[in-house]
There are 2 protein chains.
Amino acid sequence: MNATLDGDVVRAAGDARQRFHDARGYGRASGPDVTLARVEAAHLLYRGDIDSVSGMDFRAFFRDSVAGESGFAARFLVYADLRERGFYLAPARDGWPGSADGRAGDADILVFERGEKPGGPVAHRVRVVGEREELAAASLGGRTLAVVDEESEVSYFACTADGGFDGRTEYDLPAGLDADLLDDRVVCWSPPADLYESAFYGQPISGRDDADVDALQLSLVEAADLAARGAVDLDADAVIERGRAVEGERFDRRLSVYRELRDRGVVPKTGYKFGADFRTYDAVETVTDLPHSERLVRVVQPDHRFHPRELALDVRLAGGVRKGMVFALAGDDSNDYLTVERLTP
Amino acid sequence: MNATLDGDVVRAAGDARQRFHDARGYGRASGPDVTLARVEAAHLLYRGDIDSVSGMDFRAFFRDSVAGESGFAARFLVYADLRERGFYLAPARDGWPGSADGRAGDADILVFERGEKPGGPVAHRVRVVGEREELAAASLGGRTLAVVDEESEVSYFACTADGGFDGRTEYDLPAGLDADLLDDRVVCWSPPADLYESAFYGQPISGRDDADVDALQLSLVEAADLAARGAVDLDADAVIERGRAVEGERFDRRLSVYRELRDRGVVPKTGYKFGADFRTYDAVETVTDLPHSERLVRVVQPDHRFHPRELALDVRLAGGVRKGMVFALAGDDSNDYLTVERLTP
């Protein structure tokens, strides 16, 4: 069968509507014919269902489409991959199934729920990106990201505009503890055991058998938080100044997220060993019986743009240690959270 | 026992030489007395072996030392941690054991081999850094890095100035294959099966049951390498130009490392899913029977400075997927390699 290129769409007549649209969900019906987007026509050429488009074979049509549509190669690879996984899907485009009333938003491809016909409930609003394209973090909530790497493999990520925290940690804080601000950390002297054991602030310097010292080391975010709550006898502003001196304004963003999580009953501890800002515990009873930390949190600016490679690294590492990966978009007045997880559609 | 601060060292008399130096390897002997570095004196105070230094208890002496020596707190934490692990160790410092003839280099602490006395064979030349300090990649070969995170936990990394590659992959390349440069990738049409199956270049677009197309997709580095070797009929410079257009000069660095590894019989493939530039295979017989890839490679500039957090992320991820982590310092004329692995001393 031959089809015809008409502007930026491809038209097929004869039994094409029945074979491709009605039976297999390609394109949109135009009376007795079917109108295909380039990506759909390329897929039919690729399968051998269509022999040519205006005289072009797959190779010629693919070249023509890459020249004509920015990002075509990546979109084709994702389209073919999702088709192979047995979904009905449609380019997100006015007039195509599922895109009525602007419902497609900034997606590139709509994937319908398994077993549903085109135009039915949408399982994935897919954004297609090459591994070299940056992505605005704030735009990703509710999207499925399909990243095409340089060797044309596709990775999928589900993005949810929610951190998923379920804070249930309870404790009472002491007041006015004796502490020193020393370089880029704080040492709290002779603290009550509960500050570490229940509230899980700090790290004992005195935890070792051979120690003759009773002290708790606090990070600058922990100390700034405790100073603001009156638990340690330090000027909170002085601690924050020190934090800014060693970390710049990143310290303010991290502190803002730290405080909000503590307010919500979540315990954040350093995520350094995982390359993150924090690892978090929803519910700490005692440090002696510490649960698995559920999430890693990376704090970014609200206008942060992801490099897909960094996203892959963070999400893969978090998955490998059975934690969720959460990005905290720390704004001036409030913080937004974005959970990203790998997905096999 | 009381000791005395004298400039930047601490002197202890009485039975101190026998108790601390001869029996436990602290300080250096000065006739009948012992001379201690601040970090050693602080550790003896911490253990309760010394009661005071010039009237200062642990807290006062620690504060005084943090004010007097840059990075003291981190050095103390690492010193105490390594002591607890049962090693003899010494500050890397003129006159202290092991530091003769400039042998200490840029290390902060020398750790002697287990069972050896101070001044004996060195197991680790330790560089101590806080998690916020950047590190020159080129300075790390042969060092053990001790990173103190914001909550005062210590992580150790062994750094070796060698990639450890053992390339044993052999194949013949075809000549003058038909290919198109399409956007940020290349499609090679009707390639011989061995190009993918033995030499492991590219990714078949035709690997699927439903495909009616015989083609291999190549990344731009693969295509630039194959073009330079005459295997595909494309102008190598045109491919490199495209690479620079989409990646900047990073493309040249990656290509330089890619070529060198191929020359050495190593097969580099994309490391995108691991957040790296490449994953590498020492010995590929056939793709059908592909071995586990042994290493992840991140390509950096020769003057690259690591952020300890990024280092932790890369090394942890590589360890989690049972691969070595190699940094390629890609220079204008040659590439240097640095292997970094987590270590428990």
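This is a predicted model: local features need pLDDT of at least 70, side-chain atom pairs count only at pLDDT 80 or more; totals for chains, interfaces and linings use all residues.
**Exercise 1. Which order do the five strands of the open sheet of chain B have, and what is the pairing?**

Residues are numbered from 1 along each chain as its sequence is written, chains are lettered from A and ligands numbered from 1 in the order in which they are written, and side-chain values use heavy atoms, with hydrogens and water left out.

Solution. 

Step 1. Helices (H or I, at least four residues) and strands (E, at least two) are DSSP runs, numbered from the N terminus. Two strands pair if DSSP finds at least two bridges between them.

Step 2. The order is E3-E4-E2-E1-E5 in chain B, and the pairing is mixed. Strand E3 (28-30) and strand E5 (52-53) of chain B are the edge strands, each pairing on one side only.

Step 3. Strand E1 (residues 2-6) and strand E2 (residues 9-12) of chain B are antiparallel, paired over three bridges. Within this pair, Arg11(B) in E2(B) is the bridge partner of Thr4(B).

Step 4. Helix H2 (residues 38-47) of chain B lies across E1, E2, strand E4 (33-37) and E5 of chain B, at about 100 degrees to E4(B). Contact means heavy atoms within 4.5 Å. Axes are lines fitted to C-alpha atoms, for helices over the stretch in contact, and angles run from 0 to 180 degrees between N-to-C directions.

**Exercise 2. Determine how strand E1 of chain A pairs with E5(A) and E2(A)**.

Solution. 

Step 1. Strand E1 (residues 2-6) of chain A pairs with strand E5 (residues 52-53) of chain A in the parallel sense, over two bridges. Here Ala3(A) stands opposite Val53(A).

Step 2. E1(A) and strand E2 (residues 9-12) of chain A run antiparallel and are joined by three bridges. Thr4(A) faces Arg11(A) across this pair, standing opposite it.

Step 3. E1(A) and E2(A) form a hairpin with two residues between them, and Gly7(A) in the turn has a positive phi of about 70 degrees.

Step 4. In UniProt, an unreviewed entry places the feature "domain: tRNA intron endonuclease N-terminal" at residues 1-62 and 179-235 of chain A. UniProt positions are given in the numbering used here, feature names are shortened, and annotations may be inferred rather than shown by experiment. The span 1-62 of chain A is 35% helix and 31% strand, and its end C-alpha atoms lie 17 Å apart.

**Exercise 3. Describe the sheet of 10 strands in chain A and the helices that pack on it**.

Solution. 

Step 1. The 10 strands form an open sheet in the order E6-E7-E8-E10-E11-E21-E20-E18-E17-E16 (chain A), with mixed pairing. Its edge strands are E6 (89-91) and E16 (267-270) of chain A, each of which pairs on one side only. On average, neighbouring strands of this sheet are turned by 30 degrees against each other, direction ignored.

Step 2. Helix H8 (residues 250-263) of chain A packs on the sheet and touches E16, E17 (278-281), E18 (295-300), E20 (324-330) and E21 (335-343) of chain A; the direction of H8 makes about 85 degrees with that of E21(A).

Step 3. Helix H9 (residues 308-320) of chain A lies across E8, E10, E11 (154-160), E18, E20 and E21 of chain A, at about 130 degrees to E20(A).

Step 4. Strand E8 (residues 122-130) and strand E10 (residues 144-148) of chain A pair in the parallel sense over five bridges. Val129(A) stands opposite Val147(A) in E10(A).

**Exercise 4. How are chains A and B related by rotation and shift?**

Solution. 

Step 1. A rotation of 180 degrees, with 0.0 Å of shift along its axis, superposes chain A on chain B with an RMSD of 0.1 Å. The two copies are therefore related as by a two-fold rotation axis. Copies are superposed by least squares on the C-alpha atoms of residues with pLDDT of at least 70 in both.

Step 2. Leu317(A) comes closest to the rotation axis of the residues of chain A, at 2.8 Å (C-alpha).

Step 3. Because 100% of the interface residues of chain A are also interface residues in chain B, the copies meet through the same surface.

**Exercise 5. Identify the polar contacts of Arg59 between the chains**.

Solution. 

Step 1. A polar contact is a pair of N or O atoms within 3.5 Å; within protein, one must be able to donate a hydrogen and the other to accept it, and residues adjacent in sequence count only if both atoms are side-chain atoms.

Step 2. Arg59(B) lies in helix H3 (residues 58-68) of chain B. The side chain of Arg59(B) makes a polar contact of 2.5 Å with the side chain of Asp178(A).

Step 3. Arg59(A) is in helix H3 (residues 58-68) of chain A. The side chains of Arg59(A) and Asp180(B) are joined by a polar contact of 3.0 Å.
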